[in-house]
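Here is a short report for a reader who is new to this structure. Take a look at the sequence and the model, then read on.

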Amino acid sequence: EVAAMTADGQAGGGMVTVTVNGNFDLVRLKLDKAVVDPSDIGMLEDLVTAAVNAANTRMREVTKAHMSKVMGGMNIPGMPGMPF
């Protein structure tokens, strides 16, 4: 179930949007025309990096919430990233 989930991340006020799946694979990249400036590739690279990092952070949150719900509050030691 987690692998099929997706999470979005944005940067530049939504000018760059990415989607990652539960395996943290990048599955979609959307760029606004305004950020495609051949004379400023560095800005585009920074925006894509920020959007991917935001999507990965969101996916970790979604995964954590889903696993907490599935586990039903069970306290299993050694489960990294779990809220116990």
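## Strands 2 and 3

Strand 2 and strand 3 pair in the antiparallel sense, and five bridges hold the pairing. The model is a predicted one. The two strands form a hairpin with four residues between them.

V18 has L29 as its bridge partner in strand 3. V20 stands opposite L26, also a residue of strand 3.

R28 belongs to strand 3 as well. Leaving aside neighbours within four places in sequence, R28 is in contact with T17, V18 and T19. R28 and V18 are 10 residues apart along the chain, and their C-alpha atoms are separated by 5.4 Å. Is R28 buried, partly exposed or exposed? Its relative accessible area is 42%, which lies between the 20% and 50% cut-offs, so R28 is partly exposed.

## The overall plan

The protein has one helix and three strands. Along the sequence, the pattern reads β-β-β-α. The chain has 84 residues, and 29% of them count as buried.

Contacts also reach across the sequence. Take the contacts with a separation of 6 or more: residues 24 or more positions apart account for 40% of them. The protein exposes about 5,400 Å². Carbon and sulfur atoms supply 56% of that area.

## Strand 2 and its other partner

Strand 2 also pairs with strand 1. These two strands run antiparallel, joined by six bridges. In this pairing, T6 has N21 of strand 2 as its bridge partner. The hairpin of strand 1 and strand 2 has four residues between the strands. There, G12 takes a positive phi near 65°.

How much of strand 2 is covered? Six of its six residues are buried. V16, V18 and V20 point one way from the strand. T17, T19 and N21 point the other way. In a regular strand, side chains alternate between the two faces of the sheet.

## The helix

Helix 1 covers residues 41–71. Does its length match or differ from what its residue count predicts? At 1.5 Å a residue, the 31 residues should span 45 Å. The end C-alpha atoms are 45 Å apart, which agrees. G72 follows the helix, and its phi is positive, near 60°.

The buried residues of helix 1 are L44, L47, A51, A55, N56, M59, V62, T63, H66 and M71. What do they pack against? The answer is strand 1 (6–11), strand 2 (16–21) and strand 3 (26–31).

N56 lies in helix 1. Its relative accessible area is 16%, under the 20% cut-off, so N56 is buried. Leaving aside neighbours within four places in sequence, N56 is in contact with V20 and F24.

M59 is another of the buried helix residues. With neighbours within four places again left aside, M59 is in contact with M5, T6, A7, V20, N21, G22 and F24.

## The nonpolar core

The largest nonpolar core has 13 residues. Those that touch the most other members are V16, V18, V20, V35, L47, A51 and M59. Strand 1, strand 2 and helix 1 each supply at least two residues of this core. Which element gives the largest share? Helix 1 does, with six residues. In soluble globular proteins, nonpolar side chains tend to be buried together.

## The salt bridge

The count of salt bridges comes to one. The side chains of R58 and E61 form it, at 3.4 Å from N to O. Where do the two residues sit relative to each other? They are three residues apart in helix 1, so about one helical turn separates them.

R58 has a relative accessible area of 41%, so R58 counts as partly exposed. E61 is at 43% relative accessibility, so E61 is partly exposed too.

Terms used:
Residues numbered from 1 in each chain as written. Predicted model: local features only at pLDDT ≥ 70, side-chain atom pairs only at ≥ 80, totals over all residues. Heavy atoms only, no water. Buried < 20%, exposed > 50% of the residue type's maximum accessible area, 1.4 Å probe, protein only. Contact = heavy atoms within 4.5 Å. Expected span 1.5 Å × (residues − 1). Core = buried A, V, L, I, M, F, W, Y, C linked by side-chain atoms within 4.5 Å. Pairing = 2+ DSSP bridges. Areas by Shrake-Rupley, 256 points an atom, 1.4 Å probe, with all protein chains shown as cover. Salt bridge = Lys/Arg side-chain N within 4 Å of Asp/Glu carboxyl O.
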